[in-house]
Amino acid sequence: MSDQKSSPVSEMYPPSAEFLARTTHTNLAEISKHAEKDLEGFWAGEAEELEWFRKWDQVLDDSNKPFYKWFVGGHTNVVHNAVDRHAITHRKNKLALIWQSEDGKTQQTFSYHALNREVNRMANIIRSMGVTKGDRVTIYMGRIPEIVFAMLACAKVGAVHSVVFGGFSIDALQNRISDSATKLVITCDGSFQNGKRINLKDITDEALKLCPTVENVIVVKRTGQDVYMEAMRDHWYHDMCVLPIANGKCPTEVMDAEDPLFILYTSGSTGKPKAIVHTHGGYMVGAYSTLKYVFDVKDEDRYWCTADPGWITGHTYLVYGPLLLGATVFFFEGGPTYPYPNRWWQLIEQFGISIFYTAPTAIRALMRFGEAWPNKHDLSSLRLLGSVGEPINPEAWSWFHKVVGKNLCPIMDTWWQTETGTFQITPMPATPLKPGSCAKPFFGQVVEIVDEKGKPVETGAEGYLVLTRPWPSMLRTLYGDDQRYVDTYWTKFPGKYFTGDSARRDKDGYIWVIGRVDDVIKVSGHRLGTAEVESALLTHPAVVESAAIGLPHEVKGQAIHCFVQLNRGFEPKDELKEDLRKHVSTHLGPIAKPDVIEFIDKLPKTRSGKIMRRLLKARAQGLPEGDLSTLDE
């Protein structure tokens with residue numbers, strides 16, 4: 001790691017006195033001190049704000065590190081707290097979900113009573129297909145209300161859901177279904193994205209040719225296109241909804257706190273994606289607590305997280321977190337610039353959004369269109385803004401704060417991961433802010449920035465970001481691979497969780513996350529393993545060897561730049577470059593389509609045969625190549 005000194009923005013943005021007067025949690029130092037001194041007591045207090053079928057015997061069991069257990073002996077179900085309990089209280093008729101279609105022609109709303117009805121209906125259908133506690137269900141859908149119903153219905157019956165992003169293609173879907181030994185797939189005929197139709201059912205059919213564990217497929221009608229329906233396997237959701245089996249209340253399964261709630265695949269430095277396992281009890285408490293404090297959600301708020309449910313942000317802060325708090329959630333099918341760059345600003349004005357949580361990629365994309373588009377709309381309903389997915393550059397932070405928030409809305413720049421489940425480093429609404437910094441650790445967490453030997457680096461120096469205390473929403477393992485879990489996260493710095501990110505800490509204790517240190521590329525906030533991209537390229541007959549790297553991109557954060565060595569008989573032509581780009585898109589999905597393909601006679605490698613991506617990055621950017629002593633000439 002470099003010992004380069006940081007030059008972070010020193011300007012501080014404290015919240016206004018008027019804002020603080022409306023903020024619930026202002027005694028941050030007191031809460032932080034309590035959590036630091038009594039970690040288990042702090043989290044027990046948070047858990048007691050939720051309902052349990054049976055209270056825990058032990059808050060934290062760390063007897064078998066790093067396989068930590070939380071709320072041991074406790075019985076609950078995240079759906080009981082996110083849906084069931086609200087449906088019989090004063091929130092029964094409160095709006096739980098507001099959904100808007102991409103074209104704006106369709107809007108659906110669901111009170112907590114209606115949400116409960118829809119979740120019961122889908123849970124009854126899932127259960128009628130023989131899905132029981134512990135079975136895996138893969139959900140591959142567009143951004144429609146039924147994806148929320150499906151996630152909650154799986155949790156209600158005790159099944160483990162695996163949501164696959166609707167932008168992934170055949171191979172990625174097939175690998176995830178096979179790895180999890182999925183019993184049921186829930187999908188759509190198709191979805192809409194920037195005015196185009198994505199044929200999700202066709203992709204599902206291709207993937208299932210190599211997935212013998214799948215017994216049934218539920219298909220939700222969204223686009224109305226003709227699709228193939230395999231007899232006995234495929235079932236239209238709307239047809240099943242009118243059957244007697246769908247009616248009535250479906251009992252919520254009593255789950256042990258440590259029972260798995262979902263698995264979610266995230267890219268790693270090897271070709272096979274990692275299946276992160278999260279549990280009912282700890283994840284529930286973490287999602288509830290972090291959102292409560294960081295976004296100060298109030299009963300009257302209208303909350304919008306723009307993340308897709310296929311990613312962890314969509315799981316925790318679009319679905320589970322806000323529903324646990326009894327919030328009103330806005331859910332939009334489309335993106336920020338279709339059909340015009342004012343689409344999001346239009347929706348904020350139309351629906352009176354008060355909390356808006358999005359990604360730096362989207363902010364940078366919207367910045368390019370200037371201030372006129374947001375200035376056309378009344379954004380005065382906004383109270384808090386949030387950023388997630390990657391470090392936000394100070395320029396984008398300032399634009400977001402000034403143009404969207406009118407210098408009145410604090411920005412909660414949150415750092416966390418699929419693995420952590422919830423925020424780990426984040427400001428609070430009462431925290432003075434520094435543009436580009438995610439501020440300080442969440443209550444109870446301790447962050448260290450260390451060198452290669454695990455020793456803390458000096459203030460301002462770059463080092464490895466590690467977490468030193470367990471937290472309730474932490475991943476429990478990698479599905480079916482305990483050893484890989486230990487090797488990936490707990491071996492480099494024994495006893496400490498290795499995040500895979502580099503960071504700096506300034507003199508005020510603020511953390512500045514720099515980016516990944518392993519072979520992972522973050523494109524628009526989505527993690528892609530270099531090995532995944534390279535493996536897709538190698539399935540093309542023209543490619544004998546390849547290397548993928550991430551290079552800085554002003555909008556997407558990182559762009560995928562691939563170096564390709566060709567097989568004999570193939571000429572390095574522009575047409576082949578485009579063919580290879582399309583080939584990766586077909587195998588992994590449009591998000592993985594390389595920005596640049598560069599033909600190379602030979603990839604630079606170490607004497608042990610490892611590709612020197614560091615050298616490729618330096619050459620691609622015209623930077624000094626550094627130490628070449630290990631290069632195999």
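Student: Leaving aside neighbours within four places in sequence, which residues is isoleucine 139 in contact with?

Tutor: Isoleucine 139 is in contact with Ile147, Ala150, Met151, Cys154, His161, Ser162, Val163, Val164 and Ile186. Contact means heavy atoms within 4.5 Å. This is a predicted model, where local features need pLDDT of at least 70, side-chain atom pairs count only at pLDDT 80 or more, and totals for chains, interfaces and linings use all residues. Residues are numbered from 1 along each chain as its sequence is written, and side-chain values use heavy atoms, leaving out hydrogens and water.

Student: Which residues touch the most other members of the largest nonpolar core?

Tutor: Phe71, Ile126, Ile139, Leu152, Phe295 and Phe356 do, out of 187 residues. A nonpolar core is a set of buried Ala, Val, Leu, Ile, Met, Phe, Trp, Tyr and Cys residues joined through side-chain atoms within 4.5 Å. Buried means under 20% relative accessible area, exposed over 50%, partly exposed in between, with a 1.4 Å probe and protein chains only. Helix α6 (residues 145-157) gives this core its largest share, 10 residues.

Student: New topic: where is threonine 414?

Tutor: Threonine 414 is in the loop between β20 (411-413) and β21 (447-450). Helices (H or I, at least four residues) and strands (E, at least two) are DSSP runs, numbered from the N terminus.

Student: Is threonine 414 buried or exposed?

Tutor: Threonine 414 counts as buried because its relative accessibility is 5%.

Student: And what does its side chain make a polar contact with?

Tutor: The side chain of tyrosine 357, at 2.6 Å. The side chain of threonine 414 also reaches the backbone oxygen of serine 387 at 2.9 Å. A polar contact is a pair of N or O atoms within 3.5 Å; within protein, one must be able to donate a hydrogen and the other to accept it, and residues adjacent in sequence count only if both atoms are side-chain atoms.
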